[in-house]
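These are my notebook entries on a structure that I had not looked at before. I went through the sheets, then the ligand, then the confidence of the model.

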Amino acid sequence: MTHNNQALYEVRNISKRYGSVVALEDVSLQIRAGEVIGLVGDNGAGKSTLVKALSGAHQPSSGEILLEGKSVVWKSPHDALEAGIETLYQDSGLAPDLSVSANVFLGREKTIGGILGKFGFLSQKDMDTQAHKDLEAVGIAVPASNRSVSQLSGGQRQAVAIGRAVSWASKVIILDEPTNHLGARQAGEVLQIIKRAKERGLGVIFISHTLPHVLQATDRIVVLRLGKIVADAPTSTFDAEKLLGTITGLIEAH
Ligand SMILES: Nc1ncnc2c1ncn2[C@@H]1O[C@H](COP(=O)(O)OP(=O)(O)OP(=O)(O)O)[C@@H](O)[C@H]1O
Ligand SMILES: [Mg+2]
């Protein structure tokens, strides 16, 4: 059980070097259940590098990762997925030639092993129905889940990718620039999805360069600059000007 004051997910003093480039330096961050964290910073600040450490896509050069207070080492993204941590990577694509439902289930064979064991196999129709239900449950309306993803608009594809991640997450959901390339209405829908994920008790990390979205949708904001955390404070303590100043370094947080 996660207690209110115990971090659901945490990184302690992690650093990541790519050769001589220090992408992350001594970063510590705690995520609580039902909390939405906005992770912001200029291009190259280290946001996606931090996401990759949290999602098991790479291992930090040093430091520790803890899930519900226990130290964990992710050898691959699959380890993190199995532990309930879902990630929508920046520019992550769906498989365009597959249907919506096939994309929702893609790579989940192991996770749905229990269901497969019970029924022998999931028919195409079962998958379409289940995918539709899963997407609907997180607030995503897709025309028909048996349609090929290549027939969807960019915004609809993005919605499927987000819905896929949110519906499978049981603990933490990490969204790296999920409102990129979306119209105002669709971006608003993504913010609603984030709100519902929070209400389900998930810990959410939301990365975006669109500061009004971050100010609107988060409980706490963490600012990265040149691989270091320069601010970590409740969203209510920021306004647009202060946030921009902290990101660019024109306002020193401490
Ligand atoms: N595979 C890699 N090899 C070498 N350097 C890398 C690699 N990936 C990232 N970097 C470097 O690490 C730093 C942080 O990059 P990262 O992608 O985490 O930034 P970001 O905050 O996500 O930026 P953006 O807002 O542009 O997505 C940058 O200096 C980048 O050039
Ligand atoms: Mg990035």
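What I have is a predicted model, in which local features need pLDDT of at least 70 and side-chain atom pairs count only at pLDDT 80 or more, while totals for chains, interfaces and linings use all residues. Residues are numbered from 1 along each chain as its sequence is written, and chains are lettered from A and ligands numbered from 1 in the order in which they are written.

I began with E9 and E10, which run antiparallel and are joined by six bridges; Arg225 has Lys228 in E10 as its bridge partner. The two strands form a hairpin with two residues between them, and in the turn I noted Leu226 with a positive phi of about 50°. On its other pairing, strand E9 (residues 220–225) runs parallel to strand E3 (residues 36–40) over four bridges, with Val222 in E9 as the bridge partner of Leu39.

I then traced the whole open sheet, whose six strands follow the order E6-E7-E8-E3-E9-E10 with mixed pairing. Strand E6 (85–88) and strand E10 (228–234) have a single partner strand each, so one side of each is left without a neighbour in the sheet. On average, neighbouring strands here are turned by 15° against each other, direction ignored.

**Entry 2, helices on that sheet.** For angles I used axes that are lines fitted to C-alpha atoms, for helices over the stretch in contact, with angles running from 0 to 180 degrees between N-to-C directions; two residues are in contact if their C-beta atoms, placed from the backbone, lie within 7 Å. H1 packs on the sheet, where it touches E3, E6, strand E7 (172–176), strand E8 (203–207) and E9, and its direction makes about 150° with that of E7. Helix H7 (residues 184–199) lies across E3, E7 and E8, at about 155° to E8.

Strand E1 (residues 9–18) pairs with E2 over seven bridges, and Tyr9 stands opposite Ile31 in E2.

Which residues come nearest to ligand 1? Of the twelve around it (a residue counts if its C-beta atom, placed from the backbone, lies within 6 Å), they are Tyr18, Ala23, Asn43, Ser48 and Thr49. Strand E2 (21–31) and helix H1 (47–54) are the elements that give two or more residues to this shell, and H1 gives the most, with three.

The chain averages a pLDDT (the predictor's confidence in each residue, from 0 to 100) of 86, and 89% of the residues score at least 70. I marked residues 113–120, where pLDDT stays under 50 and the model has three contacts beyond four places in sequence.

Conventions: Two strands pair if DSSP finds at least two bridges between them.
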